[in-house]
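Here are some notes to go with your first look at this one. Keep the viewer open and click along as you read.

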Amino acid sequence: MKGFAIRDQMNGVEEPPGKTWFWELEAGVIFADRCIQCGTCVAVCPSNSIGVGDDTGLPELVKMCTGCSLCWDFCPRGGLRYEALWPPSTPSGEGDAPTVVKSDAADPYWKITGGPPGDGLGALLERYAVRAGARPDDAQDGGVVSAILVAALAAGDIDGALVTKPSPDPDEPWKGVATVATTAKEIVSNAGSYYNQTMALAELDLSRYDLPAKPRLAVVGTPCEIQGIRAMQARRWPTGAHRIDAVVLTIALLCTKNFDYEALTLRELRDKRGVDLDRVSKVDVIHGRLIVEYIDGRVAVDEPIKDFHGAALKGCDECADFLGRGADLSVGSVGTISGWSSLLIRTEAGLEAFHRARGRLDVRDLDDPEALLKLDRLDKRIAERSLERKLDPDAPLFIDYAEHLSCYAGTDRAPVVRDR
Ligand SMILES: Cc1cc2nc3c(=O)[nH]c(=O)nc-3n(C[C@H](O)[C@H](O)[C@H](O)COP(=O)(O)OP(=O)(O)OC[C@H]3O[C@@H](n4cnc5c(N)ncnc54)[C@H](O)[C@@H]3O)c2cc1C
Ligand code: SF4
Ligand code: SF4
């Protein structure tokens, strides 16, 4: 309880009215088990007072808190409360036409989450099913994220990309950690999905990387991480070590939930199910199931995702942003057939990045846009239920599993039900 120890040392210091301290974030979010490990509080702190705990992987004070309130204000589970920033539902395009919302501050609909919830897929210029011509071996789906990053780097539009790499610690197999990739080789070798949060935005202290004085970065992150970035970009303040100003492109990975590394990978997979983590080639959450494959092609685990709910981050239940509405590009598996990715292009910056990569991509119409809408609606209802449960702990948390599965009905990702 480092924060409280520091508070003790500060006893007697006169406290101006209206200050919000880090320990209020601790009490309301971190100790309340609601932290979704995005790293926004670390990145936003102008005095570099917040670090990442070695043992916990959670934010903790590393020096004196000044009570500036920014960590609370920008936390997606604290003051940011992005749902509250949605304007009322507004009419959009004609018929089924996607809503066109420019993602810049001059647009009245510009919000951290990119637009109101009634607008279907959110701000959208174009949408496609896409796969990379040369798909990296470890790509999760169409290898689209990696292809777009490689093209942006080759064109000189970015100097690097904040992505996720395997932990170098041999005691942490299949744990993803945040890193800035500065070469095409690094981008390609870090393709694929890790089902743990990485405190990614804490990595925006770029001092350990060899980058130009005015670096330009792409950030690949879960929608909550993109919310943190958008909020920080929208409001200027004297920043600390973290280079929010460097972010020129944001790519959200569609996300309904993420997991605690130890609870999912070590306890549920290794200890309870005997998975040999050194032989795993891929972990996927797809068509409502968690699937673990070995290098020899054998399926080690194939179970309904609801069996692993206890290992998920509790704060994810409150999340209503499956689609990464605030990003320049959103990419996921839902809505396309296997081996392809769904790509939602939301802003001019996203469109430019797509055109840069166009020659490296196979592109066609989305197979099943309704699948994306369905899963988004389900995600929002789970968030609503989660809030209801705060008022009434006996209210049911889960939505019908069959409804979750029905989100995949329009593609070959529809589940082969193998419940035992
Ligand atoms: C936790 C999580 C949950 C997801 N849930 C869904 C879902 O419910 N529905 C859906 O349609 N898609 C979901 N996705 C997205 C999907 O798994 C693929 O990432 C996406 O389709 C892009 O595939 P790709 O082959 O184009 O990307 P690739 O070319 O394989 O590149 C993926 C990029 O993501 C980065 N990355 C990997 N793990 C993380 C992480 N934890 N945090 C930040 N960056 C990371 C990699 O470093 C790489 O740069 C999820 C992804 C994650 C990480
Ligand atoms: S949710 Fe993000 S901003 Fe909030 S405490 Fe956790 S890491 Fe910090
Ligand atoms: S479900 Fe929401 S809060 Fe959880 S990791 Fe995904 S985007 Fe973040």
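1. Two strands pair if DSSP finds at least two bridges between them. Helices (H or I, at least four residues) and strands (E, at least two) are DSSP runs, numbered from the N terminus. Residues are numbered from 1 along each chain as its sequence is written, with chains lettered from A and ligands numbered from 1 in the order in which they are written. Bear in mind that this is a predicted model: local features need pLDDT of at least 70, side-chain atom pairs count only at pLDDT 80 or more, and totals for chains, interfaces and linings use all residues.

2. The overall picture: the protein chain holds 11 helices and 13 strands. It has 420 residues, and 47% of them count as buried (20 or more other C-beta atoms within 10 Å of the residue's own, with C-beta atoms placed from the backbone). Take the contacts (C-beta atoms, placed from the backbone, within 7 Å) with a separation of 6 or more: 71% of them are between residues 24 or more positions apart.

3. Now have a look at β7, residues 247–253. Six of its seven residues are buried. Strand β7 runs parallel to β6, with five bridges between them, and V220 sits opposite I251 of β7. β7 also runs parallel to β11, this time over three bridges; there, L253 has V331 in β11 as its bridge partner.

4. How do you get from β6 to β7? Through helix α7 (residues 223–234), and the three make a right-handed β-α-β unit. Right-handed here means that, with the strands pointing away from the viewer, the path from the first strand over the helix to the second runs clockwise.

5. Then find ligand 1. Its shell has 33 residues (C-beta atom, placed from the backbone, within 6 Å of the ligand), and the closest are V145, S146, V163, G332 and V334. Two or more residues each come from α5 (144–154), β4 (160–166), β6 (217–221) and β11 (329–332). Helix α5 gives the most, three residues.

6. Elsewhere there is an open sheet of three strands, in the order β8-β9-β10, with antiparallel pairing. Its edge strands, β8 (280–286) and β10 (299–304), each pair on one side only. β8 and β9 (residues 289–294) share six bridges, and I286 has R289 in β9 as its bridge partner.

Notes. A residue is buried if 20 or more other C-beta atoms lie within 10 Å of its own, exposed if 12 or fewer, and partly exposed in between; C-beta atoms are placed from the backbone. Two residues are in contact if their C-beta atoms, placed from the backbone, lie within 7 Å.
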